[in-house]
Structures are given as C-alpha cells and as structure tokens.
Amino acid sequence: MAKFLTQDQINGQGGELDFSTFLSVMHRQLQQEAPEQEILQALKMADKEHKGFVLATELRATLTGLGEKLTNTEVDELLKEAGVGADGRVHCEQFAKAVTRSSAKR
C-alpha cells in the first residue's frame with residue numbers, strides 16, 4: 001500500500017491511515033488488478049491441448065475441490081453463464097468473462 005501513498009501522507013498521520021485515504025488506495029489497487037486476465041491465464045494452464053477449451057467436469061472438480069471452494073450450485077451458475085458445449089467443453093475466454101461478471105454483481 002505504501003507505493004500509493006506520499007511520504008507526507010505517511011508521516012503526517014503518525015503512520016496511520018484514515019478511512020478516506022484507505023478507500024482511495026484500495027480504489028487505485030482495484031483499478032490496476034485484472035481478474036479476468038488472471039482467470040484466463042489459469043484456465044490456459046489447465047488447457048493441456050492449447051485449444052481454448054477445458055472440460056466442464058475437470059473445471060467443476062477444480063472449483064469445488066481446491067482453494068476457495070465453490071458449491072455445486074455456484075459452479076452450475078457459472079457454467080450456465082459461460083455456456084458448456086455439447087461436447088462438455090467450456091471456452092476459456094467466455095468462462096473468464098462470466099466469472100468476472102458474476103463477481104461484479106455481488
């Protein structure tokens with residue numbers, strides 16, 4: 001966070017942040033993050049054939065079993081938004097967009 005603050009902001013407040021400064025820093029940080037690109041990059045690593053698709057079954061297993069685990073209902077909603085092909089594949093870019101749209105609604 002210090003990279004977003006001037007030396008005066010740090011020294012003038014005894015090393016403490018007021019709430020408005022905190023919000024300003026967080027706003028700038030969120031603008032710099034690219035969650036869609038991060039998700040897309042992770043999906044591309046799972047795309048072993050490098051064709052822009054992952055299997056819905058593999059994606060479900062990952063999303064419900066690793067990290068910040070999602071429920072089956074949450075995964076169903078994401079897969080529905082992203083669209084699963086008749087062959088059971090999920091297009092990486094569509095899924096990344098669906099996830100970022102879904103989290104923006106919350």
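**Salt bridges, core and pocket in a predicted model**

Glu49 and Lys51 are both exposed. These two residues form a salt bridge, with 3.8 Å between the closest N and O atoms. The model described here is predicted. It holds 3 salt bridges. Side chains of opposite charge can pair when their charged atoms come close.

A second bridge joins Asp76 and Arg60, at 2.4 Å from N to O. This pair links distant parts of the chain. Asp76 sits in helix H5, residues 72-82, and Arg60 sits in helix H4, residues 56-65. The two positions are 16 residues apart. Asp76 has a relative accessibility of 39%, so it counts as partly exposed. Arg60 has a value of 24%, so it also counts as partly exposed. For both residues the reasoning rests on the limits of the class, because partly exposed covers the range between under 20% (buried) and over 50% (exposed).

The remaining bridge pairs Asp87 with Arg89. Their closest N and O atoms lie 2.7 Å apart. Asp87 is partly exposed because its relative accessible area is 47%. Arg89 is partly exposed because its relative accessibility is 30%.

The overall fold comes next. The protein has 6 helices and 2 strands. Along the sequence, these elements follow the pattern α-α-α-β-α-α-β-α. The protein has 106 residues, and 22% of them count as buried. Contacts between residues at least 6 apart in sequence were also examined. Of these contacts, 48% join residues at least 24 apart.

The largest nonpolar core has 16 residues. Leu43, Val54, Leu59, Leu79, Val90 and Phe95 have the most contacts inside this core. Helix H3 (35-46), H4, H5 and helix H6 (92-105) each supply at least two core residues. H6 gives the largest share, with 5 residues.

Leu79 shows how such a core residue is surrounded. Neighbours within four places in sequence are left aside here. Leu79 is then in contact with Ala56, Leu59, Arg60, Val84, Val90 and Phe95. Among these partners, Leu59, Val90 and Phe95 are also listed with the most contacts inside the core. Arg60, another partner of Leu79, is the residue that forms the salt bridge with Asp76.

Val99 belongs to helix H6. Its relative accessible area is 18%, so Val99 is buried, the limit being under 20%. Not counting residues up to four places away in sequence, Val99 touches Ile39 and Leu78.

Leaving out residues up to four places away in sequence, Glu36 touches Ala96, Lys97 and Thr100. Glu36 counts as partly exposed because its relative accessibility is 26%. Val99, by contrast, is buried.

The second largest pocket has about 180 Å³ of space. Its lining consists of Ala46, Asp47, Lys48, Glu49, Lys51, Phe53, Val54, Leu55, Glu58 and Arg89. Strand E1, residues 53-55, gives the most to this lining, with 3 residues. By type, the lining has 4 nonpolar residues, no polar ones and 6 charged ones.

Glu49 and Lys51 both line the pocket, and they form a salt bridge with each other. Arg89 lines the pocket too, and its salt-bridge partner is Asp87. Val54 is another lining residue, and it is one of those with the most contacts inside the largest nonpolar core.

His50 lies in the loop between H3 and E1. This residue has a positive phi of about 55°, although it is not a glycine. His50 is exposed because its relative accessible area is 67%, and the limit for this class is over 50%.

How values were computed:
Residues numbered from 1 in each chain as written. Predicted model: local features only at pLDDT ≥ 70, side-chain atom pairs only at ≥ 80, totals over all residues. Heavy atoms only, no water. 1 Å grid on protein atoms, 1.4 Å probe; cavity = no way out; pocket = protein on both sides within 12 Å on 5 of 7 lines; lining within 4 Å. Points joined across faces, edges and corners; volume = space filled by probe spheres on them. Helix = DSSP H or I, 4+ residues; strand = E, 2+ residues; numbered from the N terminus. Nonpolar A, V, L, I, M, F, W, Y, C, P; charged D, E, K, R; others polar. Salt bridge = Lys/Arg side-chain N within 4 Å of Asp/Glu carboxyl O. Buried < 20%, exposed > 50% of the residue type's maximum accessible area, 1.4 Å probe, protein only. Core = buried A, V, L, I, M, F, W, Y, C linked by side-chain atoms within 4.5 Å. Contact = heavy atoms within 4.5 Å.
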